[in-house]
Amino acid sequence: MKTGVSVGDVMTEHPITVGQETTLQQCACVMNDHHVGAVIVEEKGKLLGIVTEQDIVRKSVIKGEDAKKRLVKDIMASHLHTIKPSSDIFEAITMMTEENIRHLPVLQNGSFIGVVTLKDILKIQPELFQLLVDKIELREEERKTVRHREEHKGEQRFDRREEQSED
């Protein structure tokens with residue numbers, strides 16, 4: 001399904017970045033100051049990775065590590081999925097939901113030129129929200145126990161019966 005809107009039309013051209021030697025405390029301050037949930041890690045224009053709030057919490061804070069001493073390079077995700085600015089935003093949202101990511105660096109001719117986020121896409125194409133919800137629900141359903149799924153199915157049958165009896 002093509003939307004006719006390209007990634008380049010909605011991406012953030014100058015995302016917030018930090019260097020790989022930045023401490024996690026400094027990184028968290030940058031995120032807080034700019035009201036963002038992730039920062040791109042780059043050095044001299046070269047894309048090295050990405051750090052999210054979840055990375056900081058799950059890979060450092062929860063372990064009791066000192067955020068003043070731990071560096072971004074120690075926890076950043078360096079195996080990144082990327083996309084071209086000419087790609088349709090449907091391709092971007094599909095990749096994001098399949099890979100369970102919310103930030104997708106944009107590369108043109110191998111050079112980092114921006115980042116596209118789920119928020120960027122949903123601002124411009126809110127009708128894609130349902131696609132996102134459906135994919136998340138499918139992924140969540142796979143993680144639930146069989147007993148929980150059976151209970152949930154029962155609730156759906158009950159709801160349908162209730163609707164039928166109201167007619």
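**Terms and the values behind them**

Author: D55 counts as buried, because its relative accessibility is 13% and the term applies under 20%. The model is a predicted one.

Reader: What makes the contact between K59 and D55 a salt bridge?

Author: The closest N and O atoms of K59 and D55 are 3.6 Å apart, and the criterion asks for a side-chain nitrogen of Lys or Arg within 4 Å of a carboxyl oxygen of Asp or Glu. The contact therefore qualifies as a salt bridge. K59 and D55 are 4 residues apart in helix α3 (residues 53–59), so about one helical turn separates them.

Reader: Why is K59 called partly exposed?

Author: K59 has a relative accessibility of 31%.

Reader: How many salt bridges does the structure hold, and which residue does K73 pair with?

Author: The structure holds 4 salt bridges. One of them joins K73 to E21, with the closest N and O atoms 2.9 Å apart. K73 lies in helix α4 (residues 72–75) and E21 in the loop between β1 and α2, so this pair ties together parts that are 52 residues apart in sequence. K73, at 38% relative accessibility, counts as partly exposed, and E21, at 45%, also counts as partly exposed.

Reader: What makes E65, R70 and D74 a network?

Author: R70 forms a salt bridge with D74, and their closest N and O atoms are 3.4 Å apart. Salt bridges that share partners join E65, R70 and D74 into one network. D74 counts as partly exposed because its relative accessibility is 41%.

Reader: Which direction, parallel or antiparallel, do β2 and β3 take, and what lies between them?

Author: β2 and strand β3 (residues 46–52) run antiparallel and are joined by 6 bridges. I40 stands opposite I50 in β3. The two strands form a hairpin with 2 residues between them, and K44 in the turn has a positive phi of about 50°.

Reader: What volume does the second largest pocket have, and what makes up its lining?

Author: The second largest pocket holds about 450 Å³ of space. Its lining has 19 residues, of which V36, G37, H103, T117 and K119 are the closest to the centre. By class, the lining comprises 9 nonpolar, 5 polar and 5 charged residues.

Reader: Which elements supply that lining?

Author: β2 (38–43), β5 (111–117) and α6 (118–124) each supply at least two residues. The largest share, 4 residues, comes from α6.

How values were computed:
Residues numbered from 1 in each chain as written. Predicted model: local features only at pLDDT ≥ 70, side-chain atom pairs only at ≥ 80, totals over all residues. Heavy atoms only, no water. 1 Å grid on protein atoms, 1.4 Å probe; cavity = no way out; pocket = protein on both sides within 12 Å on 5 of 7 lines; lining within 4 Å. Points joined across faces, edges and corners; volume = space filled by probe spheres on them. Nonpolar A, V, L, I, M, F, W, Y, C, P; charged D, E, K, R; others polar. Pairing = 2+ DSSP bridges. Buried < 20%, exposed > 50% of the residue type's maximum accessible area, 1.4 Å probe, protein only.
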